[in-house]
Amino acid sequence: FITKAITPLFAGEHNAKRYRIALDEIAGLPKKLHSQGKSLAGQPPLSELIMNCAMENLSEDVLFRSRKESYERVLMTEAQKQGSDRSAVVQAWQIRRKSESDGSYEKMLTSGMNAVSDGSNSTEQEEESTDIATAV
């Protein structure tokens, strides 16, 4: 029963599947020894088997990482995935928009920018002519 409780401890980590398989082998050890007619008396303690299993299948970085560090790492990788997915979607949309466009949108933007700059000049000219008219 103890192996079932510790099986999900390192879910999502590198080599976690190997760790779970090794735990399943440890859990099946008493039944295997019984079928061979042997006893558990000469075997190492369960805690030692579990520690050896973790040390053989998981990296030291994973084993010594705190829960907080593991959680922060998961959040960071999720944020990176979301960011990369979003930028890929935006890039695809931009490429599609440019390939489907006949250039009229860009022309409108360009002419609109010219009209805005022309409009600001004409407003300044109107203000200058109004000032001259009031001065006369």
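The legends below describe close-up views of a predicted model.

**View 1**
Followed along the sequence, the pattern reads α-α-α-α-α-α-α. The protein has 136 residues, and 14% of them count as buried. Its accessible surface amounts to about 11,300 Å². Carbon and sulfur atoms account for 57% of that surface. When contacts between residues at least 6 apart in sequence are taken, 53% of them join residues at least 24 apart.

**View 2. Helix 2 packs against helix 4.**
Helix 2 covers residues 16-27 and helix 4 covers residues 46-57. Their axes lie 9 Å apart and form an angle of about 155 degrees. An angle over 145 degrees counts as roughly antiparallel, and helix 2 and helix 4 are therefore roughly antiparallel to each other. The crossing of these two helices is right-handed. On the side of helix 2, the residues that meet helix 4 are Arg18, Tyr19, Ala22, Leu23 and Ile26. On the side of helix 4, they are Leu46, Leu49, Ile50, Cys53, Ala54 and Asn57. Sorted by class, the contact of helix 2 with helix 4 has nine nonpolar residues, one polar residue and one charged residue.

**View 3. Asn57 is a buried residue of helix 4.**
Asn57 belongs to helix 4 and is among the residues of that helix that meet helix 2. The relative accessible area of Asn57 is 15%. Buried means under 20%, so Asn57 counts as buried. Leaving out residues up to four places away in sequence, Asn57 touches His14, Asn15, Arg18, Tyr19 and Ala22. Of these partners, Arg18, Tyr19 and Ala22 lie in helix 2, whereas His14 is in the loop between helix 1 and helix 2 and Asn15 is in the loop between helix 1 and helix 2 as well.

**View 4. His14 and Asn15 sit in the loop between helix 1 and helix 2.**
Helix 1 spans residues 2-6. His14 has a relative accessibility of 62% and therefore counts as exposed. Apart from its neighbours within four places in sequence, His14 is in contact with Asn57 and Leu58. The C-alpha atoms of His14 and Leu58 are 7.1 Å apart, although 44 residues separate them along the chain. Asn15 has a relative accessibility of 26%, so it counts as partly exposed. Asn15 is not a glycine, yet its phi is positive, at about 70 degrees. Most residues other than glycine have a negative phi.

**View 5. Phe10 is a buried residue of a loop.**
Phe10 is placed in the loop between helix 1 and helix 2. With a relative accessibility of 17%, Phe10 falls under the 20% limit and so counts as buried. Not counting residues up to four places away in sequence, Phe10 touches Ala16, Tyr19, Leu58, Val62 and Leu63. Phe10 and Arg20 are ten residues apart in sequence, and the distance from C-alpha to C-alpha is 8.8 Å.

**View 6. Leu58 lies in the loop between helix 4 and helix 5.**
Helix 5 covers residues 60-64. The relative accessibility of Leu58 is 5%, so this residue counts as buried. Setting aside its neighbours within four places in sequence, Leu58 is in contact with Phe10, His14, Asn15, Ala16, Tyr19 and Leu63. Leu58 and Glu13 are 45 residues apart along the chain, and their C-alpha atoms are separated by 8.1 Å.

**View 7. Gln43 lies in the loop between helix 3 and helix 4.**
Helix 3 covers residues 29-36. Gln43 has a relative accessibility of 34% and therefore counts as partly exposed. Beyond its neighbours within four places in sequence, Gln43 is in contact with Leu29 and Leu33. The C-alpha atoms of Gln43 and Leu33 are separated by 9.9 Å, and the two residues are ten residues apart along the chain.

Methods: Residues are numbered from 1 along each chain as its sequence is written. This is a predicted model: local features need pLDDT of at least 70, side-chain atom pairs count only at pLDDT 80 or more; totals for chains, interfaces and linings use all residues. Side-chain values use heavy atoms; hydrogens and water are left out. Axes are lines fitted to C-alpha atoms, for helices over the stretch in contact, and angles run from 0 to 180 degrees between N-to-C directions. Helices (H or I, at least four residues) and strands (E, at least two) are DSSP runs, numbered from the N terminus. Angles under 35 degrees count as roughly parallel, over 145 as roughly antiparallel, 65 to 115 as roughly perpendicular and the rest as oblique. A crossing is left-handed if the near helix is turned anticlockwise from the far one by less than a right angle, and right-handed if clockwise. Contact means heavy atoms within 4.5 Å. Ala, Val, Leu, Ile, Met, Phe, Trp, Tyr, Cys and Pro count as nonpolar, Asp, Glu, Lys and Arg as charged, and the others, Gly among them, as polar. Buried means under 20% relative accessible area, exposed over 50%, partly exposed in between (1.4 Å probe, protein chains only). Accessible areas come from the Shrake-Rupley method with a 1.4 Å probe; for residues, only the protein chains shown count as cover.
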